[in-house]
Amino acid sequence: SPVPPIGGLVILPVFIAVSWHAGLNAIIPWPLAAGLGALLLMGAIDDARSIKPSIKFAIMLWTACFVVIFGEMQIAHVGNLFGFGVVELGWLSKGFTIMCLVLLMNALNMMDGVDGLAGGFCALVAFWFLVVCLGADRTGDTQALSILLATLLGFLAFNMRAPWRKSASVFMGDSGSLCLGLLIGWFCIRLSQTEGAPLEPITLIWIIALPVMDAFALFITR
């Protein structure tokens, strides 16, 4: 019997609604919510009726531009990569941020091919970000990440295989993987670029390396 790819249609609306109800509008501002809504709609349509890759890419690019510009969140520096001081991006900042967000969205989308893989990876990222925010006493981020982790665990309860379930009863779908890519990217920037950031940019590479390496390996193979 067909398995519904509606994971994203459950995870993201619940996450946004609960976050806003908890007063976390500063952590999940309207530009991010609007961007997630656009990706959610596109992903749902693509899951039901296939959309041309060029149109999908254009929407992802537009969404990343919208979130970066109106959300006022960008990668201003990449840390002390070479041991000679912090590497500032300057005028390249916005373009580099948009490129990274689109790459991460595609990377998670490509990773979503095995039961529990994409959702489990995002849950692990949310968990480690939560641990970092707890240690840094960032209350708002801690609350938002707790909500995200809870929604992901709720999804994984029906997406992962278990002794009593031979296969997933619900899939993530494009709507879920694309939105989670944008959301993970948003938290990467928040936790490495804002005032009092608890993480160095180079640390984030180790946390999100798996889907990025997988995407590059797929590019090379193809």
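The model is a predicted one, so local features need pLDDT of at least 70 and side-chain atom pairs count only at pLDDT 80 or more, while totals for chains, interfaces and linings use all residues. Residues are numbered from 1 along each chain as its sequence is written, and side-chain values use heavy atoms, with hydrogens and water left out.

Helices here are DSSP runs of H or I with at least four residues (strands are E runs of at least two), numbered from the N terminus. Two packed helices are described by the angle between their axes and the distance between the axes. The axes are lines fitted to C-alpha atoms, for helices over the stretch in contact, and the angles run from 0 to 180 degrees between N-to-C directions.

Take H1 and H2 to begin with. Their axes come within 10 Å and cross at roughly 165 degrees. H1 and H2 are therefore roughly antiparallel (over 145 degrees; under 35 is roughly parallel, 65 to 115 roughly perpendicular and the rest oblique). The crossing of H1 and H2 is left-handed, which is the label when the near helix is turned anticlockwise from the far one by less than a right angle, with clockwise giving right-handed. On the H1 side, the contact (heavy atoms within 4.5 Å) is made by Gly-8, Leu-9, Leu-12, Pro-13, Ile-16 and Trp-20. H2 brings Trp-30, Ala-33, Leu-36, Leu-40 and Ala-44. Ala-17 also sits in H1, which covers residues 7-21, and its C-alpha atom is 9.8 Å from that of Ala-33, 16 residues away along the chain.

H3 and H7 make another pair, packing at about 30 degrees with their axes 12 Å apart. That makes H3 and H7 roughly parallel, and H3 passes H7 in a right-handed crossing. Lys-56, Met-60, Thr-63 and Val-67 of H3 meet Asp-174, Leu-178, Leu-182 and Trp-186 of H7.

Now for the aromatic rings. Rings of Phe, Tyr and Trp (its six-membered ring) pair if their centres lie within 6.5 Å; planes under 30 degrees apart count as stacked, over 60 as edge-to-face and the rest as tilted. By this rule there are 6 aromatic pairs. In one of them, Trp-30 and Phe-66 have ring centres 5.8 Å apart and planes at 70 degrees, so the pair is edge-to-face. Trp-30 belongs to H2 (residues 30-48) and Phe-66 to H3 (residues 53-70), so this pair ties together parts that are 36 residues apart in sequence. Trp-30 counts as exposed at 53% relative accessibility, whereas Phe-66 is buried at 15%. Buried means under 20% relative accessible area, exposed over 50%, and partly exposed in between (1.4 Å probe, protein chains only). Phe-66 also pairs with Phe-70: their ring centres are 4.9 Å apart and their planes are at 40 degrees, so this pair is tilted. Both lie in H3, 4 residues apart, about one turn of the helix. Phe-70 itself is partly exposed, at 49%. Ring pairs link Trp-30, Trp-62, Phe-66 and Phe-70 into a cluster.

Back in H7 (residues 173-193) there is Arg-190, which is buried with a relative accessible area of 11%. Leaving out residues up to four places away in sequence, Arg-190 touches Ala-26, Ile-27, Met-73, Arg-138 and Asp-141.

Finally, H9: its buried residues are Ala-209, Pro-211, Val-212 and Ala-215. The buried residues of H9 pack against H4 (93-111), H5 (117-136) and H8 (201-207).
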